[in-house]
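Below are some notes for a colleague who is opening this structure for the first time. Please read them with the model on screen.

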Amino acid sequence: MNLKQKIKEIIANALKTLSIDFDEENIVVEVPKKREQGDFSSNIAMQLTRILKDNPRAIASKIIEVILKNTDEIKNVEIAGPGFINIYLKDEYVFSGISDVIKQDASYGKSNIGNNKKVNIEFVSANPTGILHLGTARGAAYGSNLANIMSFAGYDVTKEYYINDAGNQIINLGVSLKERYKGLCGLEENMPEDGYYGSEIVDIAKNIYDEYKDTKLDEDLEYFKKVAVNYLLGIIKKDLSDFGVTFDVWTSEKSIRAKGRIEESLKILNEKGLVYKKEDATWLKTTVYGDDKDRVLVKTDGSYTYLVPDIAYHLDKFDRGFDYLVDVFGADHHSYVSRLKASIEALGYDKDKLEVRLLQMVRLLRDGEIVKMSKRTGGNITISELVDEIGKDAARYFFATRSLDGQMDFDINLALKKSSENPFFYVGYANARICSILRDAESKNINIETNIKNILDEDSKSLLLKVYEFNEVTQSAALKKEPHLITNYVYELASMFHNYYGKHKILTDDIQMSKERLGLIKTVGITITNALKLIGVDAPEKM
């Protein structure tokens with residue numbers, strides 16, 4: 001039951017009756033901060049003042065008269081202040097939605113605002129040259145959550161990981177592995193200056209040596225590149241899986257090159273007259289499409305800049321029929337966005353069909369101090385270490401509490417607390433408490449009642465109205481691509497439930513009252529469970 005949308009429709013119908021032309025999408029309906037100001041409030045009369053050239057209170061009076069005459073769901077409507085319309089719903093109408101929430105269960109909150117549009121969300125895409133670290137975890141959580149939310153809102157979502165398995169970094173990876181392997185075979189190591197020195201490279205070399213001894217010394221670089229990439233991708237996939245993150249598609253840069261997409265994209269750009277030579281390099285006229293300067297495609301030594309395979313990769317994504325692309329990049333890619341969008345427009349696609357979300361840094365705190373180094377590896381903190389220490393669900397919850405726009409402080413001590421100070425524990429405990437009450441009721445043969453007649457108090461009504469907000473929140477989170485809206489909402493709902501539980505005993509000697517309260521808290525449990533699932537968290541049934 002999306003009550004805010006229902007109120008919009010009621011106001012829109014009143015405007016039509018009054019022959020006032022106003023787009024329903026622009027009607028503003030809010031939940032007042034104070035309950036005595038109504039269940040919903042709208043400033044529509046003030047919005048119409050310039051159009052109708054009339055006093056907003058006079059406009060509000062006309063709208064209210066039509067609403068009260070033509071709607072059964074509304075108990076009362078009042079004018080407040082300069083012309084706010086405060087709407088009070090009938091109790092029986094509000095509580096009638098309990099049965100719908102319970103029937104929908106795991107589908108409660110779903111919508112079809114996405115209209116099955118095909119969306120590709122590419123995230124993580126870390127080079128397979130090492131183990132995933134803490135900063136990557138934030139982007140992994142965001143991409144996974146966004147995919148969950150947009151799917152829930154009716155989009156056809158594909159989660160994609162782009163494997164950078166070509167280029168200089170992979171060459172250096174292969175050389176690094178081969179040199180480590182040579183060292184194990186008793187030969188002198190000549191590690192490249194920009195090579196990879198992580199312990200995982202030594203582990204791969206040991207695996208080769210343990211199985212083949214020194215028989216692989218004559219293998220070419222491709223062998224070592226392939227072994228290293230496959231091994232590290234295996235670790236990456238496992239760490240992401242343990243973090244609750246999976247992908248529908250793993251696209252290899254090598255495969256993009258093998259399909260000739262680079263040559264194809266360069267040909268398109270050439271035929272459009274957007275490519276030119278200067279100082280023995282090949283340039284793309286990205287300034288034509290709003291970039292601050294033209295960009296090099298082919299360097300003077302004949303090698304491609306990293307923009308070239310990215311252009312080919314995005315051409316490939318669009319050619320696969322996606323209506324919209326979302327790329328999740330690190331904050332250090334800020335300057336890269338304009339040239340990528342310009343390149344897409346140069347290929348002939350709408351640059352606004354690509355949205356780039358930039359991921360800000362994460363600082364890990366323990367005992368109020370920044371944790372900079374891993375005790376296990378001596379390097380950066382890894383995803384697997386974080387999950388091992390606080391669990392997948394706590395990690396996913398905390399990453400979902402903040403917008404990507406700002407730097408995040410991740411407090412390990414807070415995440416481990418078993419108290420209301422820890423928002424993850426606080427929300428989880430609300431669901432566990434509901435499950436415990438429902439189990440207790442079942443053992444006493446007290447069934448849920450959805451036909452509400454006895455708990456028409458303001459506390460029960462407020463809690464249920466908060467449950468109904470879930471529909472709007474899921475849609476807003478999908479449209480704005482902001483998963484933290486879900487986390488903010490579920491915390492508020494859990495807080496309202498805890499307060500409600502503190503004031504109203506659920507199971508009492510009044511069996512009918514108990515049954516109705518069970519129906520109410522069942523809707524809260526369903527909503528908390530569904531909200532947490534959207535951010536990759538399993539709602540606990542016991543704590």
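Contact here means heavy atoms within 4.5 Å. The model is a predicted one.

1. Helix 1 against helix 4. Under that definition, Ile 10, Ile 11, Ala 14, Leu 15 and Thr 17 of helix 1 meet Ile 63, Val 66 and Ile 67 of helix 4. The residues of this contact divide into seven nonpolar, one polar and no charged.

2. Geometry of that pair. Helix 1 covers residues 3-17 and helix 4 covers residues 56-70; they pack at an angle of about 110°, and their axes lie 9 Å apart. Helix 1 is therefore roughly perpendicular to helix 4. The step rests on a cut-off, since angles of 65 to 115 degrees count as roughly perpendicular.

3. The protein overall. There are 21 helices and 15 strands in the protein. Its C-alpha trace spans about 85 × 60 × 40 Å along the principal axes. Of the contacts between residues at least 6 apart in sequence, 72% join residues at least 24 apart.

4. Burial and surface. The protein has 543 residues, and buried residues make up 52% of them.

5. Strand 6. Is this strand, residues 156-163, largely enclosed by the rest of the structure, or is it exposed? Seven of its eight residues are buried, so strand 6 is largely enclosed. The reasoning uses a threshold: a residue is buried when its relative accessible area is under 20%.

6. The partner of strand 6. Strand 5 (residues 118-122) pairs with strand 6 in the parallel sense, over five bridges. Within this pairing, Asn 120 has Thr 158 in strand 6 as its bridge partner.

7. Three strands form an open sheet in the order 8-9-10, and their pairing is antiparallel. Strand 8 (275-278) and strand 10 (295-298) are the edge strands, each pairing on one side only. From one strand to the next, the twist averages 45°.

8. Which residue in strand 10 is the bridge partner of Thr 282? The partner is Val 298.

Terms used
Residues are numbered from 1 along each chain as its sequence is written. This is a predicted model: local features need pLDDT of at least 70, side-chain atom pairs count only at pLDDT 80 or more; totals for chains, interfaces and linings use all residues. Side-chain values use heavy atoms; hydrogens and water are left out. Two strands pair if DSSP finds at least two bridges between them. Helices (H or I, at least four residues) and strands (E, at least two) are DSSP runs, numbered from the N terminus. Axes are lines fitted to C-alpha atoms, for helices over the stretch in contact, and angles run from 0 to 180 degrees between N-to-C directions. Angles under 35 degrees count as roughly parallel, over 145 as roughly antiparallel, 65 to 115 as roughly perpendicular and the rest as oblique. Ala, Val, Leu, Ile, Met, Phe, Trp, Tyr, Cys and Pro count as nonpolar, Asp, Glu, Lys and Arg as charged, and the others, Gly among them, as polar. Buried means under 20% relative accessible area, exposed over 50%, partly exposed in between (1.4 Å probe, protein chains only).
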